[in-house]
Amino acid sequence: MNSKPKTKNFRLRGAPKRRSGATAAKLIAALLDWFAAHARDLPWRRTRDPYAIWVSEIMLQQTQVKTVIPFWNRWMKELPTIEAAAKAPSARIHKLWEGLGYYTRVRNLQKAAQVIVAECRRRGDESQTKSKLETPHVVSYKFPETFDDVLALPGIGRYTAGAICSIAFNQPVPILDGNVIRVLTRIFGIAENPKEKKTNALLWKLAEELVSHAKKGRDSALRCPDAAARRPYHGSNYCSFLNQSMMELGALVCTPRNPQCQICPVKKLCLAFKENRTEELPNLGKREAATARRFIAFVAERNGRFLVRQRTTGVVNAHLWEFPNVEANGVNPSPREIFESEFGSGPKEFLPLVTVKHSITRYRITLEAFAVRLKKVPVKTDGVWKTPAQMHQLAFAAAHKKLASAAVKSILSGR
Ligand code: SF4
């Protein structure tokens, strides 16, 4: 039988006093009820497997939910355990991540999986976790369960460690990502820039006080019986659901532009709404101006094979494959001049193939690709020759994947 919800008012110690009309109890109740009724049914929300949740959190960094879903499903099907992720060849993990970008994430994920496996073997405790969790992933190696141990893993920062510990283990640890920052700065009317140290510390403190208070217990099902019957997101996982509810509210209702305050579950507690300041908050300061960069790429074909090369360690998109390319800012040499300086000799014809525009961090990149057909191997060749079928097995940087598709189409059309 459910116990009566605790309703003791709790004033948030970290919140600016003047504006802190909200109490933690009311806020938490409203968020949990709303989450029970409106949470999206995402595949990683159907499990408490920390490995599965970890993979989702790493994929979701800088990437939208709808983009991540097929990548997560594929990854979990092909590498369902920590051990499988630790042992997978580098080419395979890059191929599974191909298109998600920010590839350091996947390399760190594998490094962390290897650390977990090595640590479990060192302690000789692999066997104790050979049980099935809610999902059919056989877990052979135990994911660390303390916040400090999770935080110590490669590629895991304070946010990700908090997300894993609260979502998988229901621990009262805070999370603070872009969505949560937006929700908290608006609810509490915090006008200072969240990137500033003091304000950032205040936001972490608020998030921590909320999740600590949630741990004391609040059964959202009591206030929302219909939702409880329909949805899996009710019950006593208060810390998990509270953290997820703030992220979800930021993603679905309290959006950067045109937040839907009229249907927001916390509008009565929200200072930004009361004072009509939703457009001003959060105060993110001035954005760094974007820098334009231009690259010329060559899709060189010889006897049905294409010249491609692998990017080296320590650069953006390290280990991924690409077509030979050169940055051409400011100066405006012809494709022929660039080709000859790179390869020593060149063909007569350079056919415009495709132009791809994309962004990496603050760079706005234009990649102009030219198709060249070669009769013999150029004097200087940096790369390997691959058939379309072989290229299909390689993980390409996103823009170069488009070049590969255009190259194959042009060959098929007999151009
Ligand atoms: Fe965001 Fe509006 Fe809700 Fe406030 S009332 S939390 S600004 S959606």
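Which residues lie nearest the centre of the largest cavity? In this predicted model, they are R186, C254, C261, C264 and C270, out of 16 residues that line the largest cavity.

The structure holds 2 cavities of 30 Å³ or more, and about 110 Å³ of space lies in the largest. Two helices, helix 9 (178–187) and helix 14 (271–274), each supply at least two residues of its lining. Helix 9 gives the most, with 3 residues. Sorted by class, the lining has 12 nonpolar, 2 polar and 2 charged residues.

The ligand sits in this largest cavity. Around the ligand are R186, I187, V253, C254, P259, C261, C264, V266, K267, C270, F273 and T278. This shell divides into 9 nonpolar, 1 polar and 2 charged residues. Cysteine counts as nonpolar in this division, so C254, C261, C264 and C270 of the shell fall in that class.

A separate space is the second largest pocket, with a volume of about 1000 Å³. It is lined by 35 residues, and the closest to its centre are V316, N317, H358, S359 and I360. Several elements give two or more residues to the lining: helix 6 (104–123), strand 3 (291–302), strand 7 (351–360), strand 8 (363–373) and helix 17 (398–412). The classes here are 14 nonpolar, 13 polar and 8 charged.

Strand 8 pairs with strand 3 in the parallel sense over 11 bridges, and A300 has V372 of strand 8 as its bridge partner. Strand 8 also pairs with strand 7, in the antiparallel sense over 9 bridges. There, I360 has Y363 as its bridge partner in strand 8. I360 is also among the residues closest to the centre of the second largest pocket. The hairpin of strand 7 and strand 8 has 2 residues between the strands, and T361 in this hairpin takes a positive phi near 45 degrees. In a regular strand, side chains alternate between the two faces of the sheet.

A search of the whole structure finds 11 aromatic pairs. One of them joins F323 and F396, which are stacked at 5.8 Å centre to centre with 25 degrees between the planes. The pair links distant parts of the chain, 73 residues apart. F323 is in the loop between strand 5 (321–322) and strand 6 (325–327), while F396 is in the loop between helix 16 (388–393) and helix 17.

Terms used: Residues are numbered from 1 along each chain as its sequence is written. This is a predicted model: local features need pLDDT of at least 70, side-chain atom pairs count only at pLDDT 80 or more; totals for chains, interfaces and linings use all residues. Side-chain values use heavy atoms; hydrogens and water are left out. A residue is near a molecule or strand if one of its heavy atoms lies within 4 Å of it. On a 1 Å grid over the protein atoms alone, a cavity is a set of points where a 1.4 Å probe fits but cannot get out, and a pocket is an open set with protein on both sides within 12 Å along at least five of seven lines; lining residues have an atom within 4 Å of a point. A molecule sits in a cavity or pocket if more than half of its atoms lie within 2 Å of its grid points. Grid points are joined across faces, edges and corners, and a volume is the space filled by probe spheres set on the points. Helices (H or I, at least four residues) and strands (E, at least two) are DSSP runs, numbered from the N terminus. Two strands pair if DSSP finds at least two bridges between them. Rings of Phe, Tyr and Trp (its six-membered ring) pair if their centres lie within 6.5 Å; planes under 30 degrees apart count as stacked, over 60 as edge-to-face and the rest as tilted.
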